[in-house]
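Colleague: I would like to learn how to read a protein model. Could we go through it one feature at a time?

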Amino acid sequence: MPPIVNDAEGYFRRLVPAADPLLAELEAEAAAEGIPIVGPLVGALLEILAAGAERVLELGAATGYATIHLARGCRGRVTALEHSAPLAERARGNLARAGVAERAEVVCAEALSWLGECRTAFDFVFFDIEKADYAAALNACKSLVPPGGLLVADNTAFPEADSFNRAVHGDPAWKAVSLLSFLPGHSPEKDGLCIARRR
Ligand SMILES: C[S@@+](CC[C@H](N)C(=O)[O-])C[C@H]1O[C@@H](n2cnc3c(N)ncnc32)[C@H](O)[C@@H]1O
C-alpha cells in the first residue's frame, strides 16, 4: 500500500469546514477563556449525524456552540443541559443570535438528576459532561433512547471515560464504535469519540 500524504495533520487541517462569523466568535471566546468546546470538525460531524433526528439531547452545553450545530443539523428540537447558571444564560443568548432559539432550549440542571426524572424519548443524545459521569448517563439513556437512536460521546480517550467505554461495548443494547481521532480545533485535538446505535 502506498504511504499516506505527507504532513497528514496539516493536510486534514486544511479540510476543516469554515465557521460562520458567530461560530468563529464562539471558538475564539472558548480559546481565550479555556472553555473546552467540540470545535468545527466535531461540530460538523454532529450536524451530519443528527440529520433526521426529531428529539436531540445534549449533556453539557457550555456556551451553546455544539447546541447550535445540533439545532442546525436536526429536523426537530434540541434540549441542552448545563449546570452552570451563567453558562446556561450565555448559551441561551448565543442560540438566539444564531436564530435557533425556537428549536433549542437550554435547561439549567445537573444532568444525572435530570436524566433520572426524564420520561421523554430522544433519538439523538450527545454526551459532553464530566467523563466520570458518562457510565451513569449511559445507564439512564438506555430507557430514553429507542431502538435506532444514536448516541455520540466526546472525549472518550480520557481515563475517566473507561467505565463508559467498557459499558457501551459490553452491553448488547448498543452497537458501538470507538475512534481515536485527529480533531482540529477540538479540545484536545487528539481524542476519542464513541458513536453508538441503540439496538
Ligand atoms: C466540555 S463543556 C461542553 C461543551 C459544549 N458541548 C460544546 O462543545 O460547545 C462541558 C460543560 O458541561 C457542564 N457540565 C459538566 N458536568 C455537568 C453535569 N453533571 N450536568 C450538567 N452540566 C454539566 C460544564 O459546566 C461545562 O459547561
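Predicted model: local features only at pLDDT ≥ 70, side-chain atom pairs only at ≥ 80, totals over all residues.

Colleague: Let us begin with helices. At what angle do H2 and H5 pack, and how far apart are their axes?

Modeller: Helix H2 (residues 21-33) and helix H5 (residues 85-97) pack at about 160°, and their axes are 11 Å apart. An angle over 145 degrees counts as roughly antiparallel, so H2 is roughly antiparallel to H5. The crossing of H2 and H5 is right-handed.

Colleague: Which residues meet in that packing?

Modeller: From H2 there are Leu22, Glu25, Leu26, Glu29 and Glu33, and they meet Arg90, Asn94 and Arg97 of H5. An α-helix has 3.6 residues a turn, so residues three or four places apart point the same way.

Colleague: Which residues of H2 touch H4?

Modeller: First the geometry: H2 and H4 pack at about 155°, with axes 10 Å apart. They are therefore roughly antiparallel to each other. On the H2 side the contact is made by Leu22, Leu23, Leu26 and Glu27, and on the H4 side by Tyr65, Ile68, His69 and Arg72.

Colleague: How do H3 and H4 run, roughly parallel or roughly antiparallel?

Modeller: The axes of helix H3 (residues 39-50) and H4 cross at roughly 30° and come within 7 Å. That makes H3 roughly parallel to H4. This crossing is right-handed. The residues in H3 that meet H4 include Gly39, Gly43, Ala44 and Glu47, and those in H4 include Ala66, His69, Leu70 and Gly73.

Colleague: How many residues of H4 are buried?

Modeller: Eight of its nine residues are buried, so H4 is largely enclosed by the rest of the structure. The buried residues are Tyr65, Ala66, Thr67, Ile68, His69, Leu70, Ala71 and Gly73.

Colleague: Now the aromatic rings. How is a pair of rings described?

Modeller: A pair of aromatic rings is described by the distance of the centres and the angle of the planes. In this structure a search of the whole model finds five aromatic pairs. One of them joins Phe127 and Phe164, which are tilted, with 5.8 Å between centres and 55° between planes. Phe127 is in strand E4 (residues 124-127) and Phe164 is in helix H8, so this pair links distant parts of the chain, 37 residues apart.

Colleague: Which other residue pairs with Phe164?

Modeller: Tyr134 does, in an edge-to-face pair with 5.5 Å between centres and 80° between planes. Tyr134 lies in helix H7 (residues 134-141) and Phe164 in helix H8, so this pair ties together parts that are 30 residues apart in sequence. Phe127, Tyr134 and Phe164 form one aromatic cluster.

Colleague: What else lies in helix H8?

Modeller: Asn165 lies in H8, which covers residues 162-170. Asn165 counts as buried because its relative accessibility is 16%, and the cut-off is under 20%. Leaving out residues up to four places away in sequence, Asn165 touches Thr156 and Ser178.

Colleague: What lies over the face of Trp174?

Modeller: Arg198 does, at 5.8 Å from the ring centre.

Colleague: Where are Asp7 and Ala62, and what is the phi of each?

Modeller: Asp7 is in the segment before helix H1 (8-13), and its phi is positive, about 45°, although it is not a glycine. Ala62 is in the loop between strand E1 (55-59) and helix H4 (65-73). The phi of Ala62 is also positive, about 50°. Asp7 counts as exposed at 55% relative accessibility, whereas Ala62 is buried at 13%.

Key:
Residues numbered from 1 in each chain as written. Heavy atoms only, no water. Helix = DSSP H or I, 4+ residues; strand = E, 2+ residues; numbered from the N terminus. Buried < 20%, exposed > 50% of the residue type's maximum accessible area, 1.4 Å probe, protein only. Contact = heavy atoms within 4.5 Å. Phe/Tyr/Trp six-rings, centres within 6.5 Å; stacked < 30°, edge-to-face > 60°. Lys NZ or Arg CZ within 6 Å of the ring centre and 35° of its normal. Axes fitted to C-alpha atoms, helices over the stretch in contact; angles between N-to-C directions. Parallel < 35°, antiparallel > 145°, perpendicular 65-115°, else oblique. Left-handed = near helix turned anticlockwise from the far one by under 90°.
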